[in-house]
Amino acid sequence: MNTEDISPRYLDLDLWENIEALKALHESQLTAVGVVAQALPAMAAAVDDAIPRLRAGGRLIYAGAGTSARIAVQDGAELGPTFGWPSDRLAFAIAGGEDALLRAIENAEDSNADGSTRIKELEVGLNDIVLGLAASGETPFTVSVVEAARARGALTIGVANNAGSHLLRVSEHPILVETGAEPVAGSTRLKAGTAQKVVLNLFSTLVMVRLGKVYRALMVDMRPTNDKLRRRAVQMVSSLALCDEPVAAAALVTAEGHVKLAALIARGLHVDDARALLAQTDGNLRSAVAALQERSS
């Protein structure tokens with residue numbers, strides 16, 4: 001298994017000066033990021049298949065054990081504040097449960113039964129997207145999660161760092177990021193973990209873009225839950241509606257903090273008309289602005 005191999009490049013890592021060691025470790029991280037390029041076509045296909053199901057109300061469900069689980073949870077947890085993704089459309093299948101995010105749970109990743117049980121508990125269905133991550137691609141818990149989810153008709157995506165692994169074989173969309181031997185043999189929090197994080201960053205961001213949660217490179221569905229984000233929301237509305245910030249701030253009050261709605265209000269629409277226009281365009285602000293401009297012309 002490549003991720004468990006010893007790399008000759010790093011045999012004397014403990015003897016090197018700090019700067020030399022850091023340069024070598026940095027080199028390994030750049031290599032891991034570069035490997036992701038080979039997986040882009042597979043990721044694009046997975047996004048294409050995921051979008052119709054998510055538009056039909058499906059959930060994003062992340063699955064993994066150990067480092068992979070922690071990376072998965074980080075990606076999923078950021079979807080709410082960044083893109084306004086509903087918490088009831090996000091779920092996790094973590095070997096050992098939530099406690100395993102902070103400490104190792106002995107033998108948790110080895111349980112096939114726990115994986116399939118978690119899928120039953122979540123009542124996974126046809127519109128759900130299940131993303132399973134495992135550096136080895138052989139983690140019993142994660143493999144069983146994906147197998148059980150696929151048996152129930154969910155769309156399954158497997159991310160692994162070893163070619164020909166079980167997880168890739170059972171996933172409808174296998175995504176291989178073959179990072180090879182680690183600087184510290186078997187420590188997949190290094191190259192493998194970095195590559196997995198990049199894959200999830202790219203996948204989830206593009207999914208949110210396709211669902212209309214990004215317009216003109218702005219997070220138009222973000223939740224302004226603190227002063228910094230509220231200031232950012234005002235600046236976004238001001239930019240999108242080409243209005244002064246006091247007008248943007250007033251529009252955000254009327255829109256109860258919803259940037260898309262506020263951008264249309266700041267353009268002169270009544271709040272009810274703005275809501276109706278967004279409903280007609282499936283929440284896509286670009287389409288709503290285009291429709292508004294067409295009416296004006």
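**Helix packing**

Guide: In this predicted model, helix H12 (residues 271-280) and helix H13 (residues 285-296) have axes that come within 8 Å and cross at roughly 115°. The crossing of this pair, H12 and H13, is right-handed. On the H12 side the contact involves Leu277, Leu278 and Gln280, which meet Leu285, Ala288, Ala291, Leu292 and Arg295 of H13. Sorted by class, the contact of H12 with H13 has six nonpolar residues, one polar and one charged.

Helix H1 (residues 18-35) packs with helix H8 (residues 191-210) at an angle of about 40°, and the axes are 8 Å apart. H1 and H8 are therefore oblique to each other. The crossing of H1 and H8 is right-handed. H1 contributes Ser28, Gln29, Ala32 and Val33 to the contact, and H8 contributes Lys191, Thr194, Ala195 and Val198. By class, four nonpolar, three polar and one charged residues make up the contact of H1 with H8.

Aromatic rings are a separate matter. The structure holds two aromatic pairs. In the pair of Tyr10 and Trp16, the ring centres are 6.4 Å apart and the planes lie at 50°, so the pair counts as tilted. Tyr10 has a relative accessible area of 9% and is therefore buried, the cut-off for buried being under 20%.

Terms used. Residues are numbered from 1 along each chain as its sequence is written. This is a predicted model: local features need pLDDT of at least 70, side-chain atom pairs count only at pLDDT 80 or more; totals for chains, interfaces and linings use all residues. Side-chain values use heavy atoms; hydrogens and water are left out. Axes are lines fitted to C-alpha atoms, for helices over the stretch in contact, and angles run from 0 to 180 degrees between N-to-C directions. Helices (H or I, at least four residues) and strands (E, at least two) are DSSP runs, numbered from the N terminus. Angles under 35 degrees count as roughly parallel, over 145 as roughly antiparallel, 65 to 115 as roughly perpendicular and the rest as oblique. A crossing is left-handed if the near helix is turned anticlockwise from the far one by less than a right angle, and right-handed if clockwise. Contact means heavy atoms within 4.5 Å. Ala, Val, Leu, Ile, Met, Phe, Trp, Tyr, Cys and Pro count as nonpolar, Asp, Glu, Lys and Arg as charged, and the others, Gly among them, as polar. Rings of Phe, Tyr and Trp (its six-membered ring) pair if their centres lie within 6.5 Å; planes under 30 degrees apart count as stacked, over 60 as edge-to-face and the rest as tilted. Buried means under 20% relative accessible area, exposed over 50%, partly exposed in between (1.4 Å probe, protein chains only).
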